[in-house]
Amino acid sequence: MDWLYKVCRWILGGIFIYAGTTKLLAPAIFATLIDAYGITPESLIMPVAITLPLLEVMAGIGLLFDIRGSLALIAVLLVLFIAILWYAISMGLDIDCGCFGPEDIEAKAFHGLRLSLFRDMVMLGGVAFIYGWRRFGNIFPIATMDLVNTLLSKRR
């Protein structure tokens, strides 16, 4: 069953890499999507539009290589996304979630916040599975410095 652990890691990592990369390709449009939620101060919108996708890509790459801390970062990001989606749904917002990058926000804003919330909860379930598998399967992620040392020793 170790293959299931790996597949789960790769799927979650791939999703986060894809989502972060699409947002990084058009940060100004992603900033507009962030602004539509109305919870980020104007002066922080662009820094958030760049930092958040960078964190997604870093966490996704880290999860692909099973680097310690990457799963925790993905869990924190998912909890943040779930809270924001919950807020948007409770406020009755009719906006694109922005989850997988910018789209034409006026023409393609759709009622997909509930579906996005469900998808994020399923991914959070995947995070719980990975944590559980690590605990009961005695799997220990690679420490970042161990990975760096391994890569450096292969160059010599």
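Residues are termed buried when their relative accessible area is under 20%, exposed when it is over 50%, and partly exposed in between (1.4 Å probe, protein chains only). The structure is a predicted model, in which local features need pLDDT of at least 70 and side-chain atom pairs count only at pLDDT 80 or more, while totals for chains, interfaces and linings use all residues. Residues are numbered from 1 along each chain as its sequence is written, and side-chain values use heavy atoms, with hydrogens and water left out.

Two helix pairings were examined, with helices taken as DSSP runs (H or I, at least four residues) and numbered from the N terminus. Helix H1 (residues 2–24) and helix H3 (residues 45–64) have axes that come within 7 Å and cross at roughly 155 degrees; axes are lines fitted to C-alpha atoms, for helices over the stretch in contact, and angles run from 0 to 180 degrees between N-to-C directions. Angles under 35 degrees count as roughly parallel, over 145 as roughly antiparallel, 65 to 115 as roughly perpendicular and the rest as oblique. H1 and H3 are therefore classed as roughly antiparallel to each other. Their crossing is left-handed, a term applied if the near helix is turned anticlockwise from the far one by less than a right angle. Contact is defined as heavy atoms within 4.5 Å. On the H1 side, the residues that meet H3 include Arg9, Trp10, Phe16, Ile17 and Lys23, and their counterparts in H3 include Ile50, Pro53, Glu56, Val57 and Leu64.

In the second pairing, H4 and H5 pack at an angle of about 155 degrees, with their axes 9 Å apart. These two helices are therefore also roughly antiparallel to each other, and the crossing of H4 and H5 is left-handed. Among the residues making this contact are Leu71, Leu78, Phe81, Ile82, Leu85 and Trp86 of H4, together with Leu113, Leu117, Asp120, Leu124, Tyr131 and Arg134 of H5.

Side chains of opposite charge can pair when their charged atoms come close. With a salt bridge defined as a side-chain nitrogen of Lys or Arg within 4 Å of a carboxyl oxygen of Asp or Glu, the count comes to three. In one of them, the side chains of Arg9 and Asp66 meet at 3.8 Å, N to O. Arg9 lies in helix H1 and Asp66 in the loop between H3 and helix H4 (70–90), so the pair ties together parts that are 57 residues apart in sequence. Arg9 is buried, with a relative accessible area of 7%, and Asp66 is likewise counted as buried at 8%.

A salt bridge also joins the side chains of Lys23 and Glu56 (2.9 Å, N to O). Since Lys23 belongs to helix H1 and Glu56 to helix H3, this pair ties together parts that are 33 residues apart in sequence. The relative accessible area of Lys23 is 3%, which places this residue in the buried class; Glu56 is buried at 2%.

The side chains of Asp66 and Arg134 form a salt bridge at 2.5 Å, N to O. This pair links distant parts of the chain, with Asp66 in the loop between H3 and H4 and Arg134 in helix H5, 68 residues apart. Arg134 is buried, with a relative accessible area of 10%. Arg9, Asp66 and Arg134 are thus linked in a network of salt bridges. The backbone of Asp66 was also examined. Most residues other than glycine have a negative phi. Phi of Asp66 is near 55 degrees, a positive value in a residue other than glycine.

Lys and Arg count as positive and Asp and Glu as negative, whereas His and the chain ends are not counted. Asp120 is buried yet has no salt bridge, and the nearest side chain of opposite charge, Arg119, is 4.0 Å away. Not counting residues up to four places away in sequence, Asp120 touches Leu78, Phe81, Ile82 and Leu85.

Ala36 is found in helix H2 (residues 27–37) and is partly exposed, with a relative accessible area of 37%. Its contacts, not counting residues up to four places away in sequence, are with Leu93 and Ile95. The C-alpha atoms of Ala36 and Gly98 are separated by 9.9 Å, the two residues being 62 residues apart along the chain.
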